[in-house]
Amino acid sequence: MKRIVCLLLFNMLLICSVAQEDSFISIRVLNENNEPMAAATIVVDDGRHIGASDIDGYFRIPLKGKDSLKIAVTFVGYGKIEKIIGASDPGRLVIITLEPLIGLLEGVTVVNNFIDQRKREEMLPLEIADRSLITINRGGSLVSSISSIPGISAMEIGSGHSKPLIRGLGFNRVVVTENGIRHEAQQWGSDHGLEIDQFAVESVEILKGPAAVKYGSDAIGGVIRIQHDPVPASGALAGNLEVSGKSNNNLLGGSAYLAGRGENMFFTSRFTMLDYADYRIPADSVEIYSFLVPLHKRRLRNTAGTEMNMHASAGIIKPGFFARLSASHVSSNSGFFANAHGLEPRRVDTELYDRSDRDILFPSQDVRHFKLAGQTRIEHGLYRLEAELGYQNNFRQEKNHYVNHGYMPAIFPESMGAPSYMEREFRKDIFSFNLRNFLQVGNKHEVSLGMNAEYQDNRIGGYAFIIPEFRQLRLGIYLYDRITLNDRTTLHAGARFDRGSVRTEEYRDWFPTPVPDEDGSGVEEAFLLRAEAIDRKFSSPSMSLGIYYRGDIVSLKASIGNGFRIPTPKELAANGVNYHYFRYEKGDSSLEAENSWQLDFSLGYGSENVNFQISPFLNYFPGYIYLDPSYRHDYMYGAGNQIFQYTRNEVVRFGGEIRFSWMPARNVTTELTGDYVYSEQLSGNKKGFTIPFSPPPSVRLNLKYSPDGKGILNSPFGGIELGVTGRQNRIVPPERPTPGYQLVHIYLGGSLSVNRQRIDLNFRIHNLLNKRYLNHVSFYRLIGAPEAGRNFILSVNIPFGGRQDL
């Protein structure tokens, strides 16, 4: 607490000291609609100072005793503006409005410099997916929609949920932020997806590699940054209605969006609803542990679901000040494949389950996630302050028919005070706070000092125990410097210190078990201790160092850094049956924190028609935590399930991604991407084996044609994708090798103009040839269930409204 108080006092002193410095002029670059333009090039005094506007269009110029400044502002596709600014009024804001070049867009591709600017700002390999990419690749979840990006995999959990993997690392090794707030739920579970409404996502940024310096514990594999609907343009009242349908699981749903803004005040709102049936696979049956399960009409029974999401935000935006308060509630109710949950996969009333493909029977999950977040940004001269304050409540219920195991009573007792179908319940409250200070020091340094704090309180319920109740606290402080050597070369250096604690509560069985009495002469009943109270503290320093060079046609990025992860309460204190995997899982309260070192390198080439990039990495874990299958079996709480024990082994990983794009003609683009990851355990019982969920190598070829629009059809496009995934023979028991496969997808779309109303259409056929294949990182592949078959996906977007006086 003393450290936090000291840091806050330091921020106040820093603000006061910077307030005395007014020897600068701020530039803000806007387009013809008064919208901010990121990455506009700004040249001062014919090259004395060169830079680019930030994401909100701002750029600061130090005066250094000059009476006037000559600036030139350019952006591809817009007219150049040159202006002389007097320096008699330091501290003022100058608005520069760029106008598009009339006729230039006819047959010319305009490139947005924003991605290049963002890559300059980030030391690690960065991928950006905008709304158009997400819409074209629309899957059952946000992670599925971005899984075509090299290095990104989706751990599918049925047709409506998935978890992200970055270069084969997932679960609590990937940090997901939403509007600056770290998304926290029950991500330790392999069957727990992200509670994110993909219709509300404007863009996704993916950092590959350890980003612990800025994000702290868990950012050991990378970061996924999600930005929601943007701030509307000044004087606008507009929105859109998007409707989506899918043939494979008969999904029907949509999302309605409305936003408005006066001069400074704005609001956004969104409502999303989805309903889907059991999804189909190209197989008549699946084999679950030597038991053949026939499928009705090739549907994976009880995988239907519903989703309903609500979002709202309001805020104020002025020169030098931005504040936004947003609230969201994401809820879903979905089923698990009935034959792949619990300890009796044969005890399924197939007649009941196959009566309807849209009902949700047991086993099922009901998940609700509420998030309240406040964002603030204050700019004064060369200083910028950013802060986020958030609260989240994650409520998860897993429901199933009560079946007694071991010494559990045959009939569920009414005295439990909970329904007999409540297998597990988790209720988590999360409080988080982020603070970042940015100070421009001369023309070379942008220094940032920041802190992150987070507190979690998790409560449990239900008749089936897996993890105890816990409380977790994390605090971290970092210093980061981005050093601009010249207009081509940038250095990055950062250091951080984290401290955290995990406290778990004692847990005993709710039912008695016969045990020998103290003298061994008889038997007595006792409520067995399943989890002891644990109070562990962890701390770790982190560092990063990197360089980015951007030449005319060649770019180079190299970095070294380490990551840090506090063991999860499940890894420390688990002691129960995992009904999804038919195994017994045990934690280890003595586990130390997980650490990782990584080298990243990226080489790019870019010309008018050809772009190439290769991004290899080398990763080393002195102690990687994972579930190791043992020779022991549990007969106390099940029918001899194999016991899996959390352990910590030395691991080395290497691999990378490749991207090649070529524009052979004005309207034709081709892109070839690929990724590869190799992992090997260097110690422990599984020495020589890989780690769980290691993705196989894959290559994707995309051919896209975008002809000129005519008549009522604007911006048409169409394309074909070919994906080739290799066989994965490198496994760790109980995984099985998965064969390679090839998939073909086609897509097309465009905008129609009907009575001056724009209608955006996107049509996609996923798995065109209805190929049967196993995804090695899928939730259901351990039972041999193939992925979804052919799927026709249609999205219709109807924008409405526009600029008007509010």
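Is Tyr 584 buried or exposed? Select it and look. Tyr 584 has 4% relative accessibility, so it counts as buried. Keep in mind that this is a predicted model.

**Stop 1: the whole chain**

Zoom out. The protein chain has 806 residues, and 55% of them are buried. Its secondary structure comes to seven helices and 44 strands.

**Stop 2: confidence**

Colour the chain by pLDDT. The mean is 86, and 90% of residues reach 70 or more. Select residues 7-22. Here the pLDDT is below 50, and the stretch has 21 contacts in the model beyond near neighbours in sequence. Next select residues 102-112. The pLDDT stays under 50 there too, and the model has eight contacts for this stretch beyond four places in sequence.

**Stop 3**

The structure holds 18 aromatic pairs. Start with Trp 510 and Phe 511. Their ring centres are 5.2 Å apart and their planes meet at 85°, so this pair is edge-to-face. Trp 510 and Phe 511 are both buried.

Move to Tyr 584 and Tyr 637. This aromatic pair is stacked, with 6.2 Å from centre to centre and 20° between the planes. Tyr 584 lies in strand β35 (residues 583-586), while Tyr 637 is in the loop between β37 (610-634) and β38 (641-665), so the pair ties together parts 53 residues apart in sequence. Tyr 637 has 9% relative accessibility, so it counts as buried.

**Stop 4: charges over rings**

The charged end of Arg 530 sits over the ring of Tyr 637, 3.9 Å from its centre. Now select Arg 583 and Phe 644. The charged end of Arg 583 sits over the ring of Phe 644, 4.7 Å from its centre.

**Stop 5: nonpolar cores**

In soluble globular proteins, nonpolar side chains tend to be buried together. Where can you see this kind of grouping here? The largest nonpolar core has 23 residues. Select Ile 281, Val 286, Ile 288, Leu 300, Phe 337, Tyr 780 and Ile 783, which touch the most other members.

What does Ile 281 contact, leaving aside its neighbours within four places in sequence? Show Val 286, Leu 295, Arg 298, Leu 300, Pro 786, Glu 787, Ala 788 and Gly 789. Then find the second, separate core of 19 residues. Ile 466, Ala 573, Leu 591 and Tyr 646 are among its members.

**Stop 6: a glycine in a strand**

Finish at Gly 374, found in strand β22 (residues 364-380). Which residues does Gly 374 touch, not counting those up to four places away in sequence? Select Arg 324, Leu 325, Ala 387, Glu 388 and Leu 389. Draw a line between the C-alpha atoms of Gly 374 and Leu 389. They are 5.2 Å apart in space, and the two residues are 15 apart in sequence.

Note on methods. Residues numbered from 1 in each chain as written. Predicted model: local features only at pLDDT ≥ 70, side-chain atom pairs only at ≥ 80, totals over all residues. Heavy atoms only, no water. Phe/Tyr/Trp six-rings, centres within 6.5 Å; stacked < 30°, edge-to-face > 60°. Buried < 20%, exposed > 50% of the residue type's maximum accessible area, 1.4 Å probe, protein only. Helix = DSSP H or I, 4+ residues; strand = E, 2+ residues; numbered from the N terminus. Lys NZ or Arg CZ within 6 Å of the ring centre and 35° of its normal. Core = buried A, V, L, I, M, F, W, Y, C linked by side-chain atoms within 4.5 Å. Contact = heavy atoms within 4.5 Å. pLDDT = per-residue confidence, 0-100.
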